[in-house]
Amino acid sequence: MSGGLGKTSVDLTGRVALVTGAASGMGRREAELLAQSGAHVILADILDEEGQGVAAALKADGLSARYRHLDVSSAEEWADLGADLSATEGKIDILVCNAGANGSAAPDVLSSDLMERLIAINLRGTFLGVQTIVPLMGPGGSIVTIGSICARVGTPGVHLAYHATKGAVLAFTRGAAAELGPKGIRVNCVHPGVMPPMRDRRGASHATRDKLIERIPLRRTGEWDDVAKVVVFLASDAAAYVSGADIPVDGGFLAT
């Protein structure tokens with residue numbers, strides 16, 4: 001449920017937003033805050049029942065949202081979604097490339113199978129999303145990609161292709177910002193730090209979790225809201241002169 005929070009202080013009325021990986025976790029919270037800010041939100045995911053439930057909860061709160069099935073690694077499904085959005089919404093003002101595969105706590109950080117999955121979802125999914133949506137986006141459009149602190153620092157126990165794909169997302173973001181800036185489209189990357197799924201996997205041992213938190217200057221792990229609020233800021237006119245940025249949302253982890 002969105003919690004019936006109503007509007008936020010950001011006004012995105014009249015904007016149309018697409019959020020991938022929006023059925024749960026961080027993507028769900030991003031979609032909720034965008035809708036609470038006045039945007040019409042298309043939630044895309046492969047988790048149909050969950051995604052439909054989130055969209056229904058938002059509509060029950062009087063907000064504007066709908067769900068659409070999407071495997072971000074599939075060029076065919078992106079093409080179908082692009083045609084759908086062109087025929088229905090006619091435009092997209094905000095794209096949040098949130099869908100991602102996690103490489104944390106990998107039993108084999110050099111697994112070829114997981115490497116292919118990480119590349120398909122994290123990198124190809126982001127590329128296909130921008131490729132599909134940019135033709136529907138005009139001046140004032142905002143694209144937010146989701147990276148990771150692993151794009152900027154090595155972390156033991158995390159699949160090496162996760163580091164590589166998130167680093168590639170950052171490089172892609174910078175290139176896209178340079179290419180799309182003359183069209184009036186901003187592109188920025190957000191780097192979440194230690195968030196709930198990572199926290200859960202690493203939280204089997206309280207000692208391990210406490211040791212990890214000791215490395216974070218703010219002395220806590222992140223919450224979905226921490227990232228979602230930054231995404232909404234980047235989507236808004238408050239960030240009208242912010243493009244090509246990579247913003248850690250990590251409690252200061254990368255500063256140490």
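Me: Where is Ala-235 placed?
Reply: Ala-235 is part of helix H8; helices (H or I, at least four residues) and strands (E, at least two) are DSSP runs, numbered from the N terminus. This is a predicted model, in which local features need pLDDT of at least 70, side-chain atom pairs count only at pLDDT 80 or more, and totals for chains, interfaces and linings use all residues. Residues are numbered from 1 along each chain as its sequence is written, and side-chain values use heavy atoms, with hydrogens and water left out.

Me: Is Ala-235 buried or exposed?
Reply: Ala-235 counts as buried because its relative accessibility is 1%. Buried means under 20% relative accessible area, exposed over 50%, and partly exposed in between (1.4 Å probe, protein chains only).

Me: And what does Ala-235 touch, not counting residues up to four places away in sequence?
Reply: Ala-235 touches Leu-12, Arg-15, Leu-34, Ile-94, Ser-142 and Arg-186, where contact means heavy atoms within 4.5 Å. Of these, Arg-15 is 220 residues from Ala-235 along the chain, with 9.6 Å between the two C-alpha atoms.

Me: Turning to the largest nonpolar core, which residues touch the most other members?
Reply: They are Leu-34, Val-41, Leu-43 and Val-190, in a core of 33 residues. A nonpolar core is a set of buried Ala, Val, Leu, Ile, Met, Phe, Trp, Tyr and Cys residues joined through side-chain atoms within 4.5 Å.

Me: Which elements give two or more residues to this core?
Reply: The strands are E1 (16–20), E2 (40–45), E3 (65–69), E4 (94–97) and E5 (142–146), and the helices are H1 (25–36), H2 (48–60) and H8 (224–235). H8 provides the largest share, 7 residues. A separate core has 32 residues, including Leu-81, Leu-128, Ile-133 and Ala-177.

Me: What is Val-41 in contact with, leaving aside neighbours within four places?
Reply: Val-41 is in contact with Ala-17, Val-19, Ala-31, Leu-34, Ala-35, Ser-64, Ala-65 and Arg-66.

Me: How many residues of H1 are buried?
Reply: The count is 10 of 12, so H1 is largely enclosed by the rest of the structure. Its buried residues include charged ones, namely Arg-29, Glu-30 and Glu-32, given that Asp, Glu, Lys and Arg count as charged, Ala, Val, Leu, Ile, Met, Phe, Trp, Tyr, Cys and Pro as nonpolar, and the others, Gly among them, as polar.

Me: What span should H1 have?
Reply: The 12 residues of H1 should span 16 Å at 1.5 Å a residue, and the end C-alpha atoms are 17 Å apart, which agrees. The expected span is 1.5 Å times one less than the number of residues. After H1 comes Gly-38, with a positive phi near 105°.

Me: Which residue other than glycine has a positive phi?
Reply: Arg-219 has a phi near 60°. Most residues other than glycine have a negative phi. Arg-219 is in the loop between helix H7 (206–214) and H8, and counts as exposed because its relative accessibility is 52%.

Me: New topic: how do the axes of H4 and H5 cross?
Reply: The axes of H4 (residues 112–133) and H5 (residues 160–180) cross at roughly 10° and come within 9 Å. H4 is therefore roughly parallel to H5. Axes are lines fitted to C-alpha atoms, for helices over the stretch in contact, and angles run from 0 to 180 degrees between N-to-C directions. Angles under 35 degrees count as roughly parallel, over 145 as roughly antiparallel, 65 to 115 as roughly perpendicular and the rest as oblique.

Me: Is Thr-126 buried or exposed?
Reply: Thr-126 counts as buried, with 3% relative accessibility. Beyond four places in sequence, Thr-126 touches Cys-97, Ile-121, Thr-145, Val-169 and Phe-172.

Me: And what is the relative accessibility of Met-115?
Reply: The value is 30%, so Met-115 counts as partly exposed.
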